[in-house]
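Please look through the sequence and the model shown here, and then read the briefing that follows, which goes topic by topic.

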Amino acid sequence: GTLFQMDNTRYITVENLKFGRGATGVDIRNTTEASLRWVEAFSNSVDGFLVQNSSPATMEQCAAWRNGGWGLRFTAGSGSWSSGVLWSNAAGAVNLSGGSLSVRNSILQAPTTNAMVYEIGEGNFAGDHNILWKVPGSLIGRNTFSGQSFPTLHSWQSFAAADAHSALANPLFADSGSADFHVRSTVGRWSPQATNWVVDAT
């Protein structure tokens with residue numbers, strides 16, 4: 001089932017927790033002023049994060065990876081996702097079917113040809129300064145209301161009036177398969193596995 005749920009509450013802050021191997025990792029519904037920081041949702045059979053009828057729902061430095069549905073599914077309310085990672089989720093990174101959602105300063109991926117970075121319906125989307133990555137043949141975005149698909153970043157930018165300063169680039173994570181989302185560095189980065197500074201060949 002759902003591993004963590006907020007329902008009909010207000011002024012809640014959740015930090016430094018991980019939710020994995022359930023159905024949905026995090027479910028926020030009917031909530032006012034919900035704030036999540038450094039929360040991770042992974043290897044769940046459905047979605048990593050699900051937000052329903054909550055305003056505002058703020059997610060900072062969170063991560064969703066290897067979930068069977070969407071990394072972040074947003075159905076109603078208002079919210080923001082910033083400085084986070086949405087990676088290797090089977091359906092894609094973000095699904096917005098209603099409400100208003102902002103996605104900024106984050107890394108988002110479409111891992112297969114059946115996935116996409118964004119799927120937007122009737123909601124209001126704003127996003128910028130993101131790194132987007134996809135496998136060949138997958139989509140940057142699709143609008144379910146109009147039926148339009150956007151295979152390139154430029155086509156998505158023109159339609160959505162979003163991601164004007166975003167880039168299509170491989171983020172070169174240290175080891176995304178092991179959920180190490182530090183970017184590689186030839187100068188040096190901290191390795192939580194080695195518990196010391198390491199230098200990568202990029």
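- Leu172 counts as partly exposed because its relative accessibility is 32%, where buried means under 20% relative accessible area, exposed over 50% and partly exposed in between, computed with a 1.4 Å probe on protein chains only.
- Although Leu172 is not a glycine, it has a positive phi of about 55°, and it lies in the loop between β19 and β20 (173-175); helices (H or I, at least four residues) and strands (E, at least two) are DSSP runs, numbered from the N terminus.
- Ala161, likewise not a glycine, has a positive phi of about 50° and is found in the loop between α1 and β19.
- With 72% relative accessibility, Ala161 counts as exposed.

**How the model is to be read**

- This is a predicted model, in which local features need pLDDT of at least 70 and side-chain atom pairs count only at pLDDT 80 or more, while totals for chains, interfaces and linings use all residues.
- Residues are numbered from 1 along each chain as its sequence is written, and side-chain values use heavy atoms, with hydrogens and water left out.

**Helix α1**

- In helix α1 (residues 153-160), the buried residues are Leu153, Trp156 and Ala160.
- Seen down the axis of α1, these buried residues fall within an arc of 60°, so they line one face of the helix; the arc is that of the directions from the helix axis to the C-beta atoms.
- His154 and Ser158, on the other side of α1, are exposed.
- The buried residues of α1 pack against several strands, including β14 (116-120), β16 (131-134) and β17 (139-143), where contact means heavy atoms within 4.5 Å.
- The helix α1 lies across β14, β17 and β18, running at about 30° to β17; axes are lines fitted to C-alpha atoms, for helices over the stretch in contact, and angles run from 0 to 180 degrees between N-to-C directions.

**Strands and their pairing**

- Strands of a sheet pair through backbone hydrogen bonds, either parallel or antiparallel, and here two strands are said to pair if DSSP finds at least two bridges between them.
- An open sheet of eight strands, with mixed pairing, has the order β1-β3-β5-β8-β11-β14-β17-β18, and its edge strands are β1 (4-7) and β18, each of which pairs on one side only.
- Strand β11 (residues 92-96) and β14 run parallel and are joined by four bridges, with Gly92 standing opposite Met116 in β14.
- Strand β9 (residues 77-82) runs parallel to strand β12 (residues 100-104), with five bridges between them, and Ser78 stands opposite Ser100 in β12.

**The nonpolar cores**

- The largest nonpolar core has 38 residues, and among those with the most contacts inside it are Leu36, Tyr118 and Trp156; such a core is a set of buried Ala, Val, Leu, Ile, Met, Phe, Trp, Tyr and Cys residues joined through side-chain atoms within 4.5 Å.
- Strand β4 (residues 32-42) gives the most to this core, with four residues.
- Apart from this core lies another, of eight residues, among them Phe42, Trp65, Trp87 and Ile107.

**A buried glutamine and a cis bond**

- Gln109 lies in strand β13 (residues 107-110) and is buried, with a relative accessible area of 9%.
- The peptide bond from Ser55 to Pro56 is cis, with omega near -25°, and Pro56 lies in strand β6 (residues 54-60).
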